[in-house]
Amino acid sequence: MKHNSPLVSVVIPVFNGELYLASALDSVVAQDYRPLEIIIVDDGSTDATPSIVNSRSASSELTWQYHYQPNQGPGAARNTGLQFVTGEWIAFLDADDVWMPQKTSCQLNVFAMIESAGIVWGESRRFWGSTPQDAIEQGAIEPARPLYLLQSMLFRRSVLDLVGPFDPTLRLGEDVDWLLRALEQEVLTVIHPDPVVYYRRHATNLTHDDNASRRALHLILQRSLHRRRANRDDGQQRPVSLRILPRTGDA
């Protein structure tokens with residue numbers, strides 16, 4: 001990429017992520033776009049997370065930051081990371097997921113095509129196993145589709161400033177809550193039909209407990225509905241803030 005390309009800040013919250021963190025970090029380093037800065041927020045890990053960060057950052061030309069805090073949950077960890085970003089563009093990656101190499105460049109191209117967009121949202125492939133490649137060989141991977149995942153998106157920094165921080169009181173669904181607030185504020189969100197992330201499923205996912213996830217989602221949707229009702233403009237029609245790009249060949 002050109003030297004005058006804008007900086008992309010990547011915020012990675014992690015809690016006891018030693019099993020998969022190296023793969024996540026390697027997928028950021030493997031991006032076909034530069035410049036990048038990696039901001040890791042260690043949310044109270046007691047495992048080998050710090051040494052993994054040290055080993056990966058020592059051999060990389062990218063700018064790295066590592067910040068430790070007592071365990072407060074993923075929303076609070078992302079908020080901490082946002083205090084240190086310096087890029088014009090912001091991305092998030094969970095410590096157990098893997099970006100595809102073209103993720104950043106692809107989504108910046110979408111922004112260049114639709115300059116009014118505030119969020120660009122790609123497709124995800126959910127998988128089970130040690131690596132995406134193993135999952136593909138074993139048939140343990142789903143087709144690409146849009147999933148409600150921050151790690152499949154890229155954000156203008158100004159949008160993060162507009163919508164505000166993640167709700168640190170939510171241990172589940174803080175990402176959905178934030179995205180609903182962004183849509184309520186009419187931030188143009190563009191969904192494009194390109195796969196950009198491998199989304200790992202395993203026994204220690206925060207969303208592994210289906211009942212807890214459903215309860216959290218119910219609360220978040222209820223809060224969003226209350227906000228929309230409180231801010232309704234006397235029947236005035238609001239502009240559509242979600243745009244879906246067609247696949248090549250679609251009518």
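Buried means under 20% relative accessible area, and exposed means over 50%. By that rule, the buried residues of helix 2 are Thr 49, Ile 52 and Val 53. The model is predicted.

**Helix 2**
- Viewed down the axis of helix 2, the buried residues fall within an arc of 100°, so they line one face of the helix.
- Asn 54 and Ala 58, on the other side of helix 2, are exposed.
- The cover over the buried residues of helix 2 includes strand 1, helix 1, strand 2 and strand 3 (63–69).

**Helix 4**
- Helix 4 is largely enclosed by the rest of the structure, because eight of its 11 residues are buried.
- The buried residues are Lys 103, Thr 104, Ser 105, Cys 106, Gln 107, Leu 108, Val 110 and Phe 111.

**Nonpolar cores**
- The largest nonpolar core holds 34 residues. Those with the most contacts inside this core are Val 8, Ile 12, Leu 25, Val 28, Ile 38 and Ile 40.
- Two or more residues of this core come from each of strand 1 (8–14), helix 1 (21–29), strand 2 (36–43), helix 2 (49–58), strand 4 (89–92), helix 4 (103–113) and strand 8 (189–200).
- Helix 1 gives the most to this core, with five residues.
- Another core, of 20 residues, lies apart from the largest one; among its members are Ile 39, Phe 155, Ala 182 and Val 187.
- Once neighbours within four places in sequence are set aside, Ile 38 is in contact with Val 10, Ile 12, Leu 25, Val 28, Val 29, Leu 62, Thr 63, Trp 64 and Gln 65.

**Salt bridge between Glu 123 and Arg 247**
- The count of salt bridges in the model comes to 10.
- One of them joins Glu 123 to Arg 247, with the closest N and O atoms 2.5 Å apart.
- This pair links distant parts of the chain, since Glu 123 is in strand 6 (residues 119–127) and Arg 247 is in the segment after strand 9 (242–244), 124 residues apart.
- Glu 123 is buried, at a relative accessible area of 4%, whereas Arg 247 is partly exposed, at 39%.

- Asp 177 and Arg 227 meet through their side chains in a salt bridge, at 4.0 Å from N to O.
- Asp 177 is buried, with a relative accessible area of 0%, while Arg 227 counts as partly exposed at 22% relative accessibility.
- Arg 227 also forms a salt bridge with Glu 184, at 2.7 Å from N to O.
- This second pair again links distant parts of the chain: Arg 227 is in helix 8 and Glu 184 in helix 7, 43 residues apart.
- Glu 184 has a relative accessible area of 16% and is therefore buried.

Conventions
Residues numbered from 1 in each chain as written. Predicted model: local features only at pLDDT ≥ 70, side-chain atom pairs only at ≥ 80, totals over all residues. Heavy atoms only, no water. Core = buried A, V, L, I, M, F, W, Y, C linked by side-chain atoms within 4.5 Å. Buried < 20%, exposed > 50% of the residue type's maximum accessible area, 1.4 Å probe, protein only. Helix = DSSP H or I, 4+ residues; strand = E, 2+ residues; numbered from the N terminus. Contact = heavy atoms within 4.5 Å. Arc of directions from axis to C-beta.
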